[in-house]
Amino acid sequence: MRCVIARFPFDLIKSEVEQSMSGIKAEPVTGLAVTINRRVYPVMQVGEVITRQSRRDFTSGEMRRALTRLGFTVHEAPAVTPSTSAGTGTGHDEGVLGW
């Protein structure tokens with residue numbers, strides 16, 4: 001499929017995008033995300049890998065359109081649940097002074 005990202009034309013194929021992303025560790029997702037081979041990647045990371053351009057050169061909207069047209073699922077970042085620091089739900093100061 002031909003698409004324009006950052007004013008440059010690219011001929012992208014879904015299987016080639018999947019192959020390009022295989023073996024690449026997913027960064028933490030903060031905005032838009034795309035699922036490729038059961039992994040969730042930030043769309044900007046995928047854009048950087050497949051276009052070999054700096055993330056400053058294109059927008060997440062451009063990548064969303066291109067990846068959606070290729071048949072990938074693009075979605076918002078999953079919600080992060082806060083965890084308790086002590087792990088047991090007890091107060092922070094308990095045990096610090098040995099009481």
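The face of α3 turned away from its buried side carries two exposed residues, Arg65 and Arg69. Here "exposed" stands for over 50% relative accessible area, "buried" for under 20%, and "partly exposed" for what lies in between (1.4 Å probe, protein chains only). Helices (H or I, at least four residues) and strands (E, at least two) are DSSP runs, numbered from the N terminus. This is a predicted model, in which local features need pLDDT of at least 70 and side-chain atom pairs count only at pLDDT 80 or more, while totals for chains, interfaces and linings use all residues. Residues are numbered from 1 along each chain as its sequence is written, and side-chain values use heavy atoms, with hydrogens and water left out.

Back to α3: its buried residues are Glu62, Met63, Ala66, Leu67 and Leu70. They sit on the same side of α3, because the arc they cover around the axis is only 120 degrees; that arc is taken over the directions from the helix axis to the C-beta atoms. The buried residues of α3 pack against β1, α1, β3, α2 and β5.

Gly71 lies in the loop between α3 and β5, and counts as partly exposed because its relative accessibility is 43%. Gly71 and Lys14 are 57 residues apart along the chain, yet their C-alpha atoms are separated by 7.4 Å.

As for the overall layout, the protein has 3 helices and 5 strands, and along the sequence they follow the pattern β-β-α-β-β-α-α-β. Of its 99 residues, 28% count as buried. The accessible surface comes to about 6900 Å², with 52% of it belonging to carbon and sulfur atoms (Shrake-Rupley method, 1.4 Å probe; for residues, only the protein chains shown count as cover). Taking contact to mean heavy atoms within 4.5 Å, 50% of the contacts between residues at least 6 apart in sequence join residues at least 24 apart.

Then there is the sheet. Strands of a sheet pair through backbone hydrogen bonds, either parallel or antiparallel. In this model, an open sheet of 3 strands runs in the order β4-β3-β5, with antiparallel pairing; two strands pair if DSSP finds at least two bridges between them. β4 (39-42) and β5 (73-76) are the edge strands, each pairing on one side only. From one strand to the next, the twist averages 35 degrees. β3 and β4 pair over 4 bridges, and the bridge partner of Thr35 in β4 is Val40. α3 packs on the sheet, where it touches β3 and β5, and its direction makes about 145 degrees with that of β5. α2 lies across β3, β4 and β5, running at about 80 degrees to β4. For these angles, axes are lines fitted to C-alpha atoms, for helices over the stretch in contact, and values run from 0 to 180 degrees between N-to-C directions.

Finally, the core. A nonpolar core is a set of buried Ala, Val, Leu, Ile, Met, Phe, Trp, Tyr and Cys residues joined through side-chain atoms within 4.5 Å. The largest one has 21 residues, and Ile5, Val34, Ile36, Val46 and Leu67 have the most contacts inside it. Two or more residues come from each of β1 (2-5), α1 (14-21), β3 (32-36), α2 (43-51) and α3 (60-70), with α3 giving the most, at 4 residues. Leaving aside neighbours within four places in sequence, Leu67 is in contact with Val34, Val43, Val46, Phe72 and Val74.
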